[in-house]
Amino acid sequence: MGNSNQYWKGLEEIEGTLASPQGEFGEALPLDEVFSGSDTLSPNRRDFLKYFGFSVSAVALAACNKAPVKYAIPYVEKPENVTPGVPLYYATNCGVYGEGFPILAKVREGRPIKLDGNDQSILSKGGLSAIGQASILSLYDTHRLSNPVVKGAETENWADVDKAVTSALTSANDKGIKLVTRNVSSKLMQQAIDEFKGKYSNTEHIVFDPISYDGMLRANSSSFGKAVIPNYHFDKADVVVSFGADFLGTWVSPTRFSADYAAKRKVSSENSEMSRHYQIESLMSLTGTNADYRYPMSESKHGALLANLLRELGGAVSAPAMDLPGNSLKKIASDLKAARGKSIVISGSNDANVQTIVNAINSLLGNYGSTIDLNSSLNIAAGSDAGVDKLVADLKAGSAGAVVFVGVNPVYHHKDGAALAEGLKKIPTVISTSMVLDETTQYAGYVCPDNHFLESWDVFEPMAGYYTFSQPVISNVFNTRQAALSLRAWAGAELAGEQPAMDMAKALVEGMGANWNQCIHDGYYQSATASSEAPSFSGDVSAAVSALGKSADGPELVLYQKVGVLDGTWSLNPWCHELPDPVTKVSYDNYVTVAMGDAEEVFNLKNGDFVKVTTANGEIDKLPVLIQPGQARGTVGIALGYGRSLANMEDNDLVELGKNAYHLVGRKNGSASYVVGGVSLEKVGKGYEFAQTQTHWSIEGRDTVREATLAEYKANPKVRNEHKPHIVSLWDEYDYSKGHHWGMAIDLNACTGCGSCVVSCSIENNVPVVGRDEIRRRREMHWIRIDRYYSFNLTESAEINGTAHEKGEGLTKEKEINAYTKSGKYDHYENVSVMHVPVMCQHCDHAPCETVCPVLATTHSSEGLNQMTYNRCIGTKYCGNNCPYKVRRFNWFRYNLNSKFNYHFNSELGRMVLNPDVTVRSRGVMEKCSFCVQNIQMAKLQAKRENRTMKDGDVTTACQKACPTNAIVFGDRNDPNSRISKLFRDDRAYKMLEETDVQPSVVYMTQIRNKETETSANTSHS
């Protein structure tokens, strides 16, 4: 049966502060200005109807607005393999992650316009994260340096630059040269570094990772003799226990982990088993929202709890007793014992002592060699925090003749960035290869800009024995040069040939005994598989437990990364900020997250209050407060990656965006610590308005999401979907049995809510960035959104409003929540369950938007697509009002041609990223998901050219391609053997709001939680 209770979307709902739209016609429709071409908005929509009375002449007048004339220039000589209108795909690498992530770049007429994961590679499995999708815009970034800069003056001659740099380095060698890079997984870069060190013998190579994994590296070195990051196989784990590791969002390799994790979470009639996931964390993370069991707990207590878990598993360790609510630690230990060799225990801590205890647990469980592999390790981090601290001290003392920064920005990323900046002023020669004039590069006398990763040849080893390859998919946009070539040139190497980087890469590949052409075509190559033999554990657990120290006194600050921004390296990208955070649903801002109990009882704070944050490591003068359900009491959180500042930034929402919090990072047991004790908050203002999207539309308590427990599903595969509504239709039915009938299925068990589909859809369909103020006005333009719903889990039985509620029961109705809260209890705000639900146009066969459009701008195709005719639309917004899913967007501005929205693709260069297959909409029209109809048409033409019928999988939508977990399936419902047809017939399938008889072409698969008690969310959204 359907869900009986109701979810809630945010604190605005249950506090009754959710602002309502100012009436159906609350916004003005510019009529005179549309006709005059002005960008000013003034006349309202009622005047439009009053003056023109919706006459045919008015419609004709609105439709006669002239489009600009554009001229096409034919090829005199057509380039080889280039056919206008036909995309080319190249296997290459995404530079966001640093380790060499395999992708496919879509190129149209010489310009890359879209990135997707390489579905043939075991690393990406076809998925690509939101920030990876967005990174294509950095190729066309107007902040990029056009030429090398020497002593503040631009020059176009690289030979002159090399001569000056070589002379400066030669002079500096006696005093010493510091070469600072990120973790090096590039074989070309490593070769160049070796040549550089051979030329300049007094060179010290320092590896600096903006987010440190130093504690894990040190723990693995002492435990197993290997300072490496293990390769985790979540697809082989029956039980996953995570202590603060956001492995689906930001930790180690989340895109890869998400694919493997989802593979063990999907259930069906053929396979009704799934993994069980426990999450112990302080802040509500993306991974925590997907857990079966989640326990909020301060980060500083994780080490002691891990020691108790080790003792429960039979480890000989002495530690003060500690448990989770309901004696849950024993339950976790029991599940781990039953899954020996098929479990994973991880921690997000950067404390080597905590990681040593984790290693002991996994070794005791026999996980090494099965679910955890130290031999095929991941090459994502190699930095030493002690080494970087020594670099800062040396620079402050002026004890170096030169510093060369390659792909790093430590003035921004390091905790002592300000001191490092002062130290650079004492160094005679400072060289940077940054593509932009960033916080570190502004202190460099020689700026030799690197190529973008889409302009480069390279060979990477992201995993031991597994190689990926990068090739340029566009000629250099600016006068830049690959950093590895710059190092070689300064080392005295001859850069002979037209493409010296390609020659280096080819020599490396042939040296491996691999086929060059095949490697470049495939994008990856795997050498002999490394042994997966389990290593012997030799760590000193007793010493590690003794060195843990006490938990923090008073509130503790947790510094974390956001999914769309990560460490901030790529945070000058508007797509990263336009994407709502998967947990808070806030766009653009960083803020101080606080638990409800602490906000009410400790700090006396409300949402939007400004606070000054003070710690022993430093302070932040002013940040807004966001009260976050699910956050552990005694914890406050601030995201890293904000507060970027460039000298040549334009006036838009990326300027002075948030505050840089890296200076608050501490040190614990020799490694960077992202948990800082003794934090204090001082209120310094109030009234900040977040650009928060989740509560922009009310679904009025309708049955939109469903979930059940695994036990319930096994007993009844139709759980929550037993009763289907039988409605007498007022429509004349259309026969869709002939031709195609397109549909989509979304598995809520696989969807993690990461947002990759949102960014991918925006890029594919030329969806504009609108900025913070427009989002505050509920004018975001995303064609697909991911709703995030909460429900409370009672920790104790209680009587509320005269009704008895049992322990563990879901508390979801607003009146009950308010009554329980007014009793002075706030623990329920920590214990919440979360669901993520992607929502786009449902392409209803009985589409309510079509019946109300006065000009037939929205119509239905014979293949079941809800179509928009943009040049017919006059912007009445009736269709949006009549849509029960609230997925239609009104285009208020000419976002791509208006200086008010001055983002990268508002320039001639930035517009190179636009997809020529999709219309760039002008203002005054409604737009929404089209099921990527351009891809449907392309697949039809391809099948026609090959003289065959279309087959399942020929058509993929942008959201489907990007999804790391394969949660989205698209296809032809008329093909009985297609995946989509089978999913439509699946017992878990339900149609959102199917009781309205709109007959959507999208089905959702009921979410199943692997919990022993009945889920708290037998419920629907409120």
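Q: Two strands pair if DSSP finds at least two bridges between them; in what order do the strands of the open sheet of 4 strands stand?
A: This is a predicted model, with residues numbered from 1 along each chain as its sequence is written. Local features need pLDDT of at least 70, side-chain atom pairs count only at pLDDT 80 or more, totals for chains, interfaces and linings use all residues, and side-chain values use heavy atoms, without hydrogens and water. Strands (E, at least two residues) and helices (H or I, at least four) are DSSP runs, numbered from the N terminus. The pairing in this open sheet is parallel, and the order is 12-11-10-13.

Q: Which strands form the edges of this sheet?
A: Neighbouring strands of the sheet are turned against each other by 10 degrees on average, direction ignored. Each edge strand pairs on one side only. The edges are strand 12 (293-296) and strand 13 (343-347).

Q: What angle does helix 11 make with strand 10?
A: Helix 11 (residues 302-312) packs on the sheet and touches strand 10, strand 11 (276-281) and strand 13, contact being heavy atoms within 4.5 Å. Axes are lines fitted to C-alpha atoms, for helices over the stretch in contact, and angles run from 0 to 180 degrees between N-to-C directions. The angle between helix 11 and strand 10 is about 145 degrees.

Q: How far does helix 18 reach from its first C-alpha to its last?
A: Helix 18 (residues 500-511) has 12 residues. The expected span is 1.5 Å times one less than the number of residues. For helix 18 that expectation is 16 Å, and the reach is close to it, at 16 Å.

Q: Which residues of helix 18 are buried?
A: Buried means under 20% relative accessible area, exposed over 50%, and partly exposed in between (1.4 Å probe, protein chains only). The cover over the buried residues of helix 18 includes helix 7 (187-199), strand 18 (458-463) and helix 17 (483-490). The buried residues are Pro 500, Ala 501, Met 504, Ala 505 and Val 509.

Q: Why are helix 7 and helix 18 described as roughly perpendicular?
A: Lys 187, Leu 188 and Gln 191 in helix 7 meet Ala 501, Met 504, Ala 505 and Leu 508 in helix 18. Angles under 35 degrees count as roughly parallel, over 145 as roughly antiparallel, 65 to 115 as roughly perpendicular and the rest as oblique. The pair is therefore roughly perpendicular, as the axes come within 10 Å and cross at roughly 100 degrees.

Q: Which residue in strand 26 does Val 592 stand opposite?
A: In strand 26 (residues 635-639), 5 of 5 residues are buried. Val 592 stands opposite Ile 638.

Definitions and conventions. Two strands pair if DSSP finds at least two bridges between them.
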